[in-house]
Amino acid sequence: MRATTGGSPAKVRKRRIPRKAKCDGKRPCSRCRALNKECAFEERPKDAQQMRIEMLETQLGSLKAQLQSQSDASDAIAAEHAGAEVLTSIRPDGSQVSNKTFGHSAISPLSTVTAPDATTLQNAATGSPESVFLPPRRASHFDTVAVSLPDFIDVGLLSPEQARVYFEAFFHGSDRYVPVFDPLFDTPQSVRSRSSILFCAICTVGCRVLAGTDSQHWRLLNFHIRRLLNAALVMPEMACLETVQALLVRACYTSERSLLVSVATRMALTIGLPEAYDELMSQTFSSEWQRSETPMTNEPMLMRKTRTWLFILVMGHILHVDAGDILSLQLTGNVRRCRVLLHRPTSAKQDLCLWPQIELNSLRARIQATLSDPRRVIAGNGSDQAIMDDVRDAIMDLDVWFADWARIYDASGDPQAPWLKLNLQVQRCWGVTMALCRAVRTTGVEDVSLMTTTQKDLLRMARDALRQHLDIIVEEPRLYLLNLRYAMDFVWAKCVFCYLLLLKLSILLPEPDRGEHWGHDLVSCGNMLLDELSAAGGDMAGGHRSGTGRLYLQLLRTGIEKYSHALDGNQPSPLVTGRARGTRMPAGRPDVDDSGDADAFVPDQFVFEWDFPGLTLFSSSATEAGWLDGILLEALSGADEFMGFGWTGPEAFAAQ
């Protein structure tokens with residue numbers, strides 16, 4: 001019963017509770033104070049940055065756990081191999097964990113956690129949740145075998161003394177034709193310690209120079225270096241500067257030169273040789289601007305890489321212009337800018353052989369592109385006058401190139417300057433001849449009797465350049481011919497081609513005012529050339545230094561005899577004498593009758609390796625020159641008897 005006051009029910013005052021107020025996260029709300037209870041602050045929504053940080057922390061923890069699992073597995077395997085009983089590993093927090101082993105690892109290699117790959121790490125850095133749930137990457141079923149590549153001394157093919165002799169033979173003349181080395185740096189000990197492949201490649205060429213390709217010793221070395229190169233091309237870790245140099249050395253003295261140069265180019269791009277050239281040129285500019293003659297720290301290595309890369313450029317242009325390969329590499333800008341590198345402290349004497357070749361072959365590639373462009377003929381710009389203008393510009397450019405480098409050689413004071421300058425003269429004649437012959441090829445007319453006056457003038461200019469070429473190489477003391485024993489096959493091909501084309505043009509374009517003395521003088525110079533080539537590298541007492549050189553010698557001998565036969569009114573010619581007539585054919589092959597099947601002989605290098613213009617010229621009124629046409633037609637006919645000697649197929653030559 002409620003108490004009342006004054007007859008009315010008493011009112012009971014209730015405790016007033018304040019309205020619900022939200023906690024703002026700074027102080028307790030009034031409701032919490034009124035109820036005398038601990039305030040539960042409302043959670044504020046997390047921002048995106050805080051969520052990203054927490055996700056990254058979670059992912060990093062997962063990655064650390066995976067790495068620790070991988071480390072534990074590796075330690076367990078190592079303990080198994082070492083015969084350990086207990087494997088102790090250290091956790092990131094500093095604690096140690098012991099894994100007991102009982103003769104075998106506690107962690108099987110098949111159950112180990114794969115370390116995160118580049119994709120996983122990238123996803124973790126970008127905050128992608130995929131990195132936590134990526135499955136471990138499976139191991140490949142295939143792997144390259146890390147084989148050892150012993151050199152000739154290790155396998156017992158050469159004694160240290162023999163290797164030294166062959167190595168020095170290479171640097172006595174062959175290095176001029178493969179000018180990618182510095183003799184002061186590339187010593188036998190240095191090369192052997194850096195690359196067994198390069199050491200073997202150099203010794204093989206030295207053996208070729210001294211013993212010849214018919215020797216059993218060279219065959220063994222040649223077989224072994226081929227095995228080494230085949231293995232090196234498979235292993236990615238063998239991609240280095242020395243392997244590229246070994247490929248170039250090999251390419252200069254084998255018929256597979258185009259493929260080897262392509263492989264060397266691809267490997268050079270992989271290891272960054274073009275970037276070395278760019279960096280060296282940039283540093284050279286900076287040092288000259290600051291008037292500093294001190295070499296940079298990494299300049300020696302940059303120069304070696306640059307030298308190798310530029311020789312790849314030279315070989316690519318030679319194979320493009322003279323072998324018909326597709327040009328896949330060229331130097332942008334003015335090629336003469338390379339000359340600034342000759343003044344660097346790291347420049348070697350072989351650079352005087354390399355740098356002119358860079359400019360010459362880049363120039364020849366440009367000349368060929370101008371004279372061989374079919375769009376000129378289609379557009380009506382292939383008139384005789386336009387072709388003559390292009391030829392005039394080409395010859396002027398070649399003359400400027402020759403004059404510049406002749407002055408550089410005269411000022412260098414180098415002991416090898418006489419040979420270098422003589423080589424310049426020979427190469428200038430070669431460049432002029434090729435430009436003129438390609439200009440005639442552009443006209444599409446091969447019958448000399450149907451040519452215009454301008455076209456015949458081009459051939460006469462080519463004939464004069466070829467005669468100058470012959471006079472230079474047979475002139476005493478014949479420094480050029482004496483060094484041909486070190487030369488690559490391309491140089492031999494040029495010498496023989498130039499002489500044979502000279503004989504042919506002298507018949508197709510006779511000069512009555514020159515009389516018979518002109519022809520007999522050509523035969524006399526040809527015999528001299530044949531003797532010198534035989535002594536330089538084609539004919540030896542125990543065999544031949546080069547199988548290809550032997551073929552070119554035989555073709556040269558045949559050409560002289562046929563030309564002499566035509567001069568003497570179809571009478572047998574006794575003009576071929578001396579060592580040339582004693583040129584020995586390979587063992588097991590029939591000798592060639594001088595008056596019979598010899599006119600059906602030609603090395604396949606002229607037809608299937610080199611693209612020398614001019615050999616297919618003919619004249620309907622000059623049948624005396626048909627002997628060379630018959631040679632080429634026989635080689636192209638695909639007859640069963642290879643080269644007219646009764647040998648079935650070119651496999652007979654592959655055995656040599």
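This is a predicted model: local features need pLDDT of at least 70, side-chain atom pairs count only at pLDDT 80 or more; totals for chains, interfaces and linings use all residues.

**Exercise 1. Find out how many disulfides the structure holds, and check Cys 495 for a partner.**

Step 1: Start with the whole structure. A search turns up zero disulfides.

Step 2: Now take Cys 495. Its nearest cysteine sulfur belongs to Cys 498 and sits 7.0 Å away. A disulfide needs the two sulfurs within 2.5 Å, so Cys 495 is in no disulfide.

Step 3: Look at the surroundings too. Cys 495 has a relative accessible area of 2%, so it counts as buried. Cys 240, with 25%, is partly exposed.

**Exercise 2. Work out which parts of the chain are linked by the salt bridge between Arg 339 and Glu 359.**

Step 1: Check the contact. The two side chains meet at 2.7 Å, N to O, and this is a salt bridge because the cut-off is 4 Å.

Step 2: Place each residue. Arg 339 lies in the loop between helix H13 (299–323) and helix H14 (351–371), while Glu 359 is in H14 itself.

Step 3: The residues are 20 apart in sequence, so the pair ties the loop to the helix. Both Arg 339 and Glu 359 are buried.

**Exercise 3. Decide whether Arg 428 and Asp 399 are buried or partly exposed, and say where they sit.**

Step 1: Find the pair. Arg 428 and Asp 399 form a salt bridge at 2.7 Å, N to O. Arg 428 is in helix H17 (residues 417–443) and Asp 399 in helix H16 (residues 384–412), 29 residues apart.

Step 2: Arg 428 has a relative accessible area of 19%, so it is buried. Asp 399 comes to 29%, so it is partly exposed.

**Exercise 4. Describe the largest cavity: what is its volume, and which helix gives the most to its lining?**

Step 1: There are five cavities of 30 Å³ or more. The largest has a volume of about 360 Å³.

Step 2: Its lining has 28 residues, and closest to the centre are Tyr 177, Ile 318, Gln 357, Asn 423 and Gln 427.

Step 3: Helix H14 gives the most, with eight residues. By class, the lining has 20 nonpolar, four polar and four charged residues.

**Exercise 5. Now do the second largest cavity: which helix gives the most to its lining?**

Step 1: The volume of this cavity is about 70 Å³.

Step 2: Its lining includes Val 321, Arg 364, Leu 398 and Met 434. H14 and H17 each supply at least two residues, and H17 gives the most, with four.

Step 3: Sort the lining by class, and you find five nonpolar, two polar and two charged residues.

Notes. Residues are numbered from 1 along each chain as its sequence is written. Side-chain values use heavy atoms; hydrogens and water are left out. Buried means under 20% relative accessible area, exposed over 50%, partly exposed in between (1.4 Å probe, protein chains only). On a 1 Å grid over the protein atoms alone, a cavity is a set of points where a 1.4 Å probe fits but cannot get out, and a pocket is an open set with protein on both sides within 12 Å along at least five of seven lines; lining residues have an atom within 4 Å of a point. Grid points are joined across faces, edges and corners, and a volume is the space filled by probe spheres set on the points. Ala, Val, Leu, Ile, Met, Phe, Trp, Tyr, Cys and Pro count as nonpolar, Asp, Glu, Lys and Arg as charged, and the others, Gly among them, as polar.
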